[in-house]
Amino acid sequence: MTYNARITAIGSYVPSHVLDNAEPERRQDTSDEWIVRRTGIRERRIAAVDEFTSDMCVKAVEDLLGRYPVSVQDVEMILVATYTPDFPTPSVACLLQHRMGIAATGALDLNAACIGFVYGLHVAHDLIASGLHRKVLVLGADTASKIVNYSDRTMHSLQPMRGTRTEHRAFAGCPASDVFDGNCPPAGFSALSVGRVTACGANSAGENVLPFGGQCVYAVSDLSAHGV
């Protein structure tokens, strides 16, 4: 039997620190006009030194709860799409479950870089359509500003997604099957933990940075010709 899935609530969060194109202009041989013409980027949001992906997820869920008369306590699965988790383990989804006090839910991170949130929506839809779960939280969140090499012109100037953002959706469906129970208690994440690896920016040795070949990714040299 196939069930219908629908988006029932939406939330979001971005950090307050804005980095506009004036900063790359000061650091590198580039300009606001050059960046905007090729990418459309005018500003980026930068996470605070003590702000990590799970922190942004919590704020996105809080934003959702403030907008809609819904609860997350009956969520049966949390999916977080991210390539910048707080730790290798526990997952951001587990940290979110713990901090939101959700008594019993599955919790899973997905890593597919920029397209991760779209895959998260696909997985959530299928979990509900199959009857496996009734309600799923999907978040796409990255603190990519912590792994940017600010001395690399191709990385810092060109990447539109290398700021920081969080998106959040709540899916709901019809009653689901109880054949599989993937739930875990919210405090269980502390049983297996590896130290935090997301440094704030690149260090002098070039560690914790993300390589990027701007000319290969942005094959279109001038987006203004395409109405951007």
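The legends below describe close-up views of a predicted model.

Local features are given only where pLDDT is at least 70, side-chain atom pairs count only at pLDDT 80 or more, and totals for chains, interfaces and linings use all residues. Residues are numbered from 1 along each chain as its sequence is written, and side-chain values use heavy atoms, with hydrogens and water left out.

**View 1. The protein has 7 helices and 7 strands.** Helices (H or I, at least four residues) and strands (E, at least two) are DSSP runs, numbered from the N terminus. Along the sequence they follow the pattern β-β-α-α-β-α-β-α-β-α-β-α-β-α. Of the 228 residues, 44% count as buried; buried means under 20% relative accessible area, exposed over 50%, and partly exposed in between (1.4 Å probe, protein chains only).

**View 2. Strand 4 and strand 5 pair in the parallel sense.** Two strands count as paired if DSSP finds at least two bridges between them. Leucine 79 stands opposite leucine 108 in strand 5. Together with helix 4 (residues 92-100), strands 4 and 5 make a right-handed β-α-β unit. Right-handed here means that, with the strands pointing away from the viewer, the path from the first strand over the helix to the second runs clockwise.

**View 3. A cis peptide bond joins threonine 89 and proline 90.** Its omega is about 10 degrees. Proline 90 is found in the loop between strand 4 and helix 4. Most residues other than glycine have a negative phi, and most peptide bonds are trans.

**View 4. The loop between strand 5 and helix 5 holds alanine 113.** Alanine 113 is not a glycine, yet its phi is positive, at about 55 degrees. Because its relative accessibility is 39%, alanine 113 counts as partly exposed. Isoleucine 115 lies in the loop between strand 5 and helix 5 (116-129). Isoleucine 115 is also partly exposed, because its relative accessibility is 39%.

**View 5. Helix 3 covers residues 53-67.** This helix has 15 residues and reaches 21 Å from its first C-alpha to its last, close to the 21 Å expected at 1.5 Å a residue. The expected span is 1.5 Å times one less than the number of residues. Its buried residues include Met56, Val58, Val61 and Leu64.

**View 6. Helix 2 (residues 32-39) is followed by glycine 40.** The phi of glycine 40 is positive, near 80 degrees. Within helix 2, Trp34, Ile35, Val36, Arg38 and Thr39 are buried.
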